[in-house]
Protein chains: 2
Amino acid sequence: MKRTKVVDALKSTDYGKEIVVKGWARSHRSSKAVDFIALNDGSTIKNLQVVVDPSAVDAEELKSITTGACIGVEGTLVESQGKGQTVEVQAKKIVIYGLCPNDYPMQKKGQSFEYMRQFAHMRLRTNTFGAVFRIRHNMAIAIHKYFHDHGFYYFNTPLITASDAEGAGEMFQVTTLDLDRVAKEGQVDYSKDFFGKKTNLTVSGQLEGELGATALGAIYTFGPTFRAENSNTPRHLAEFWMIEPEIAFMDKDELMDLEEDFIKYCVQWALDNCMDDLEFLNKMIDKTLLDTLHSVVKESFVRLPYTEGIKILEQAVKDGHKFENPVTGWGMDLNSEHERYLVEQHFKKPVIMTDYPSEIKAFYMKKNPDGKTMQGTDVLFPRIGEIIGGSVREESYEKLLDEIEKRHMKESTYSWYLDTRKYGSCPHAGFGLGFERLILFVTGMQNIRDVIPFPRTPKNAEF
Amino acid sequence: MKRTKVVDALKSTDYGKEIVVKGWARSHRSSKAVDFIALNDGSTIKNLQVVVDPSAVDAEELKSITTGACIGVEGTLVESQGKGQTVEVQAKKIVIYGLCPNDYPMQKKGQSFEYMRQFAHMRLRTNTFGAVFRIRHNMAIAIHKYFHDHGFYYFNTPLITASDAEGAGEMFQVTTLDLDRVAKEGQVDYSKDFFGKKTNLTVSGQLEGELGATALGAIYTFGPTFRAENSNTPRHLAEFWMIEPEIAFMDKDELMDLEEDFIKYCVQWALDNCMDDLEFLNKMIDKTLLDTLHSVVKESFVRLPYTEGIKILEQAVKDGHKFENPVTGWGMDLNSEHERYLVEQHFKKPVIMTDYPSEIKAFYMKKNPDGKTMQGTDVLFPRIGEIIGGSVREESYEKLLDEIEKRHMKESTYSWYLDTRKYGSCPHAGFGLGFERLILFVTGMQNIRDVIPFPRTPKNAEF
């Protein structure tokens, strides 16, 4: 008999039907008259109640089915008499695939996330992480669907690269040199390295993405990105996933429209497709989660020039608001707490901040005619701060080269990038979204290590 | 006025409508009475013909629009009088965004793929590579859609890892140690490395994928994978993308059904969604392409035990067929030419080869009761050879441990993997598909370096 997934069994009203379900016991309660096994197969956060007549099954076998054990159940789908579910299965036959010894690390409820992180391979079997990773999947699907429906092409930029995307960010080196031999020989000979030169893991696919956009019209990347920053915080990962769309012929207003439409689409997708998981997280993790998600899709995002934003922050300080990081006035780089103040306290809705000082932003961003500010369009979100960093790109070869020289960057490293401005240059714009930041926002989770299956952080590369 | 994409303009029959199109000149023909500019914006392989009355535009400006130049055109959509297109645009106004100097590397037609590889950032603007990368996008979308529709969760396995997925395959080391300092100090101190130990780039996400499948029920990975093999061939990349689904409670027959259904879905998606690009490639690259694609979706795949396959190959040798690599009989590992013989000459349809000798396959594959063969299910394709490698996984803790010891692998390295068999073990199965092999098959391209935007191969990490 073909297996029925728990998610489908729970939706069925085909009472009296014989079905086979397979999964893991989340709990097992025994009484003289009847045993209840809560069966979960990962297809949904909900368990299917399996009702067992203990007289019909081998007593020792039945007893051995403890939390975490994997079983198959053949039985009849019946209307449930109990609370909390509409259907249950009356077992006729139980097959044990794998028992679960009582040192199973996920046995107890209410363990800390820190504890569970040590068992990242087992935490996947808990309610919380099941919910988080089903939502993570759904966000990835929403992203691909959005861009596909809007005529963007998925474009795979390289992970190993000899260039440094922004001249910023600590990088991991990639090598096939034998380090013990390097130590022994007392010299590094990159001509013997795999690529014949020093190579690193990419910190961003944007520059290569621009090569795609200025040929295919509109592309998006969605892949892993790396930063070797020694930051042990709930907001940093050494390996994380980025989404970086890049669009030819797009101006600043169109870019802001895209950012807002895109992120609302993703959040709406979660509300439309992940409500069971969201309700669980709203109950267990963050009681404001659903309200926040609903509010984001409903509100029009404020479009706020940086200069105005600084004035608001300065006024807040005058009015007695205490920031941990000082508001030093025009030219300062905003901290997450400043961004959150604007979003959560001043406007009470998401903000797209525009026209930052050029000096605090990357070399490729298009300058405004004032010569001081650039056409940036960062989206600031409640709880997260900056969730999207975007800008129009400088399309003038001369201006871009000028900026590269001004910043003492190496022109030859960027020759291929400059070529897009040399040959048939076009106005274009794009943005970057840290996937895990989106997942933090949509799940209400607090620590970025809990929204990626196997987090990479300083001193931690387990599994 | 809002920009119309070329793909949409070409479908429109809204004659007389004023539109704005933007893109790159693929060619520019001039005569006294009229100029024709073939405009392409990457949204389709087809160009939109822009008709210009030279008396209405600045003569110098018009002349400056050479192949590769980027322009915007405001004009009227009209029914075309010429052959090969149904609509064209009569220009009223032309804006030049970026001229294209005549050292533009993609100016000439008919350049070799080898030449174009040196300009991987510019080759994206050619017909062939536009077609290849639009198809690549579509295959990614088909893959996500297939798995999402079938209840699989997209699962991001780590790229940086301290483990070696199969004990096979040369790996790239990832480090933040300063190699010059290592050389100077004459020793390697991994306690000072970012992760506090030696780490590598993953060669496969499968083992971590199994952790996902035995919790969420069914997952798939789709991400970059790395091999530091010094292979300079048209079939090897140091960085490539893999798709690795893994499914709890799946047996060998169900796995073969999944493999066949999945890959047919992808090929059918290309036929349904990429016909313009496929027709171009069928004409320019491989005249058998469309026939091959149609045949794959139509034919039932042969399901062939390895032992039978060897007999067929031995018979072929007896009948005078010459193989470059000798057919040495049962126990041999098949070479691509052997696989292609079975598919292209013997059966003339795709083959799923099963039940390989355990010894030539990985440690995690489930053995048959004969103790000699394992439940493998590799899909062999015309032109490609092995396109999918799959198997049922060994779910018995004891048998898996036994195999790890027999192969002199380090048990402690796999403790987390063994845990899936220790706690609530379940039967499961999965397969791996090299994304670029699928793209080679679907596009008819010959060299794997031409189906990924920026190939990484020995001595080559440009862009």
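## The interface between chains A and B

Two residues are taken to be in contact when heavy atoms lie within 4.5 Å. In this predicted model, the contact between the two chains takes 113 residues from chain B and 112 residues from chain A. The size of an interface is often given as the accessible area lost when the parts come together. Here the area buried between chain B and chain A is about 8900 Å², and carbon and sulfur atoms give 65% of that area. On the side of chain B, the residues that lose the most area to chain A are B:F194, B:F249 and B:Y423, which together account for 9% of what that side buries.

Polar features also cross this interface, where 42 residue pairs are found in polar contact, with both residues at pLDDT 80 or more. Helix α4 of chain B, residues 127–149, gives the most to the side of chain B that touches chain A, with ten residues. Sorted by class, that side of chain B has 58 nonpolar, 34 polar and 21 charged residues. Two salt bridges are found across the interface of chain B and chain A, and a salt bridge also joins the side chains of B:E462 and A:K197, with an N to O distance of 2.8 Å.

In soluble globular proteins, nonpolar side chains tend to be buried together. The largest nonpolar core of this model has 291 residues, and those with the most contacts inside that core are A:M139 and B:M139. A second, separate core has nine residues, including A:V182, A:A183, A:V188 and B:L177.

The surroundings of B:M139 can be listed residue by residue: leaving aside residues up to four places away in sequence, B:M139 touches B:C266, B:W269, B:A270, B:F435, B:L438, B:I439 and B:V442.

Helix α14 of chain B, residues 435–443, is largely enclosed by the rest of the structure, because eight of its nine residues are buried. The buried residues of α14(B) are B:F435, B:E436, B:L438, B:I439, B:L440, B:F441, B:V442 and B:T443. Just after this helix, B:G444 takes a positive phi of about 80°.

Helix α6 of chain B, residues 206–216, is likewise largely enclosed by the rest of the structure, because eleven of its eleven residues are buried. Among the buried residues of α6(B) are B:Q206, B:E208 and B:E210, as well as B:L207, B:L211 and B:L216. Just after α6(B), B:G217 takes a positive phi of about 95°.

A:E436 lies in helix α15 of chain A, which spans residues 435–443. This glutamate counts as buried because its relative accessible area is 1%, where under 20% is the limit for that class. The side chain of A:E436 reaches the backbone nitrogen of A:W241 at 3.0 Å. Not counting residues up to four places away in sequence, A:E436 touches A:R136, A:L237, A:F240, A:W241, A:I448, A:V451 and A:I452.

A:S412, by contrast, counts as exposed, at 52% relative accessibility, and lies in the loop of chain A between α13 (397–406) and α14 (415–422). From C-alpha to C-alpha, A:S412 and A:G82 are 72 Å apart in space, and in sequence they are 330 residues apart.

## Salt bridges

Side chains of opposite charge can pair when their charged atoms come close. Over all chains, a search of the whole structure finds 50 salt bridges. One of them joins the side chains of A:R123 and A:D450, at 3.0 Å from N to O. Because A:R123 lies in helix α4 of chain A (residues 120–123) and A:D450 in the segment after α15 of chain A, this pair ties together parts that are 327 residues apart in sequence. A:R123 counts as buried at 0% relative accessibility, and A:D450 is also buried, with a relative accessible area of 1%.

The side chains of A:K349 and A:E299 meet in a salt bridge of 3.8 Å, N to O. This pair links distant parts of the chain, 50 residues apart, with A:K349 in the loop between α12 and β13 and A:E299 in the loop between α10 and β12. A:K349 is partly exposed at 26% relative accessibility, and A:E299 is partly exposed with a relative accessible area of 21%. In chain B, B:E403 forms a salt bridge with B:R407, with the closest N and O atoms 2.8 Å apart; B:E403 is buried at 10% relative accessibility, whereas B:R407 is partly exposed at 30%. In chain A, salt bridges that share partners join A:D257, A:E260, A:K264 and A:R303 into one network.

Definitions and conventions: Residues numbered from 1 in each chain as written. Chains lettered and ligands numbered in written order. Predicted model: local features only at pLDDT ≥ 70, side-chain atom pairs only at ≥ 80, totals over all residues. Heavy atoms only, no water. Core = buried A, V, L, I, M, F, W, Y, C linked by side-chain atoms within 4.5 Å. Buried < 20%, exposed > 50% of the residue type's maximum accessible area, 1.4 Å probe, protein only. Buried area = accessible area lost by both parts, 1.4 Å probe. Salt bridge = Lys/Arg side-chain N within 4 Å of Asp/Glu carboxyl O. Polar contact = N/O pair within 3.5 Å; in protein donor to acceptor, adjacent residues only side chain to side chain. Helix = DSSP H or I, 4+ residues; strand = E, 2+ residues; numbered from the N terminus. Nonpolar A, V, L, I, M, F, W, Y, C, P; charged D, E, K, R; others polar.
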